[in-house]
Amino acid sequence: MWYKRTIPLALVFVAGLLGFVHEYIPHPLSGEFREEVTTSIRIIGGFGLFIGAYSLLHMHFSRIRRRQSGWGYSVFVFLGAAVMIFLGLWNEGDGPLVDPQPDVMTSLQWGYYYVLVPCQATIFSILAFFMASAAFRTFRVRNLSAALLLGAAIIVMFGRVPISEEFGRLLFGEGGSQLFPKASQVLMDYPNLAAKRGILLGVSLGAIAQSLRILFGIERSYMGGGD
Amino acid sequence: MAIPPSELRRLAITRHVIYVLVAAAVVVPLALGLTPGKFEATPYSHKLFDKVNSLPPGTRVLLSFDFDPGTEAELLPMGAALLRHCFRNRLVPLVMTNIPSGVDLARKIVKEAADRSEPDWGRKQTSGVDYVFLGYRPGDVNLLLNMGENLKGAFQNDYYGKPTEDMPALKDIRSLKDLPLVIDLAASAWVELWIVYGADRFNFAYGAGVTAVMGPDMYPFLQSGQMVGMLNGLRGAADYEVLLEKLDRGTFGMMSQSVAHVLVIVLVLAANARFVYRRLTGREKD
């Protein structure tokens with residue numbers, strides 16, 4: 001099993017060590033090594049793209065063939081991919097090897113601006129609906145911690161929007177316009193900062209430990225199998 | 001314990017009502033063209049604006065637009081405002097992206113800002129001279145490291161295929177070390193990558209624009225001085241537009257955001273008032 005276990009582990013160790021060590025060698029060779037690695041990554045990325053596309057299309061083809069629940073959506077994956085690939089290769093009749101004319105809206109760009117952009121923006125905007133619904137249905141003041149969290153959430157949410165300044169003015173005159181924004185800023189600058197820094201340090205230490213485990217072959221789950 | 005069918009029906013109806021209310025809260029202020037009253041920019045937006053404002057004319061500023069269409073509603077207005085500020089102050093923005101699906105978006109912002117420069121500031125902007133759009137190069141972190149060694153090597157041509165070697169916009173710029181300021185607009189880990197593999201290594205001032213959900217994560221970097229300022233969500237874009245005195249998409253979205261935030265606060269308070277009442281009357285248990 002040396003070719004399945006020993007060689008991959010050795011490759012990971014050598015590549016990881018080179019990636020780590022060259023950062024501490026201020027020599028032109030170190031820079032050249034990095035440029036070579038970048039080029040290799042681009043080439044590997046190209047192959048990765050094909051594997052990714054094949055994997056995606058294969059999965060959706062299987063869904064259509066088996067008539068799995070929601071297989072109709074998979075048809076749209078093929079339709080979308082086929083149309084965009086065709087438009088890219090067609091290139092307004094110039095073919096795939098000619099650069100598109102600058103500042104001319106090609107059919108491919110039309111698909112990008114008027115199909116992909118609205119679709120992705122829609123998906124992201126759905127988040128607002130889920131958040132509002134989830135907050136209404138689950139955010140309950142069951143104990144002191146939940147009450148503190150609710151109070152902080154309201155101050156931050158209100159203090160972040162300009163209407164809070166109008167409200168402050170209405171209650172306390174011109175001097176009160178910054179009351180809610182400043183309260184919100186204090187919560188962000190102190191309790192939030194402290195919590196985020198703790199998380200950041202913890203995650204970073206965990207990442208270093210995990211990297212060392214991979215480098216020395218202790219962590220092997222990325223190779224597949226049980227060990 | 002299983003939820004009774006009547007409660008499930010009630011929850012489903014409530015959810016649909018909330019969706020309608022949220023949609024109305026967002027759409028109605030936009031449709032009516034409502035704008036918020038006078039408001040002050042948040043401190044970190046102000047700091048970033050002041051940093052850009054302090055640069056002398058002719059200074060090159062690298063803008064990395066690392067976002068895709070999913071987050072354009074928040075980040076695109078920031079990019080437009082930053083570019084307008086650069087053009088107003090005669091700075092030379094060098095624009096790139098690390099996201100392949102964001103290339104056309106970045107190109108569009110740059111072109112629109114350049115086209116608007118003449119009516120706004122009375123100056124026509126020429127690609128390659130007053131600004132450059134470098135486009136996308138693969139390589140991720142390694143690309144940043146290469147840019148730190150040799151920027152023109154990493155981007156041998158701009159997006160339109162023109163060689164960068166003798167481009168006036170990149171004159172005397174050898175690497176990231178020669179840039180006084182880099183600003184990244186991102187909805188991903190790119191903000192932190194720019195700090196670790198860019199600003200901390202090559203000693204340039206660094207600022208960022210991020211989505212509102214990412215904003216809280218950035219505070220440790222602001223306090224440590226690794227970031228000179230930050231635009232946080234659509235409010236960050238609105239702040240920048242107010243400071244620039246050119247109101248645009250960011251500011252026009254503020255009324256929608258205000259109404260939506262107040263709506264969520266009211267909904268949560270109403271749900272809790274009901275919860276407390278039911279608990280006091282013994283109809284709700286933990």
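Which residues touch the most other members of the largest nonpolar core? Select V95(B), I109(B), V110(B), V182(B), M218(B) and M230(B): of the 93 residues in that core, these touch the most other members. A nonpolar core is a set of buried Ala, Val, Leu, Ile, Met, Phe, Trp, Tyr and Cys residues joined through C-beta atoms within 7 Å. A residue is buried if 20 or more other C-beta atoms lie within 10 Å of its own, exposed if 12 or fewer, and partly exposed in between, with C-beta atoms placed from the backbone. The element that gives the most to this core is α3(B), with nine residues. Helices (H or I, at least four residues) and strands (E, at least two) are DSSP runs, numbered from the N terminus.

A note on the model before going on. This is a predicted model, in which local features need pLDDT of at least 70 and side-chain atom pairs count only at pLDDT 80 or more, while totals for chains, interfaces and linings use all residues. Residues are numbered from 1 along each chain as its sequence is written, and chains are lettered from A and ligands numbered from 1 in the order in which they are written.

Next, show both chains. Here 47 residues of chain B are in contact with 50 residues of chain A; contact means that the C-beta atoms of two residues, placed from the backbone, lie within 7 Å. On the chain B side, α11(B) supplies the largest share, 13 residues. That side divides into 25 nonpolar, twelve polar and ten charged residues. Ala, Val, Leu, Ile, Met, Phe, Trp, Tyr, Cys and Pro count as nonpolar, Asp, Glu, Lys and Arg as charged, and the others, Gly among them, as polar.

Now select residues 179-215 of chain A, which form helix α7. F180(A), P181(A), S184(A) and M188(A) are buried in α7(A). The buried residues of this helix pack against α5 and α6 of chain A and also α8 of chain B. After α7(A) comes G217(A), with a positive phi near 75 degrees.

Finish with two loops. Between α3 and α4 of chain A is N91(A), which has a positive phi of about 50 degrees although it is not a glycine. N91(A) counts as partly exposed because it has 17 C-beta neighbours inside 10 Å. In chain B, N203(B) sits in the loop between α7 and β5, and its phi is positive too, near 55 degrees. N203(B) is exposed, with 11 other C-beta atoms within 10 Å.

Definitions and conventions. The expected span of a helix is 1.5 Å times one less than its number of residues.
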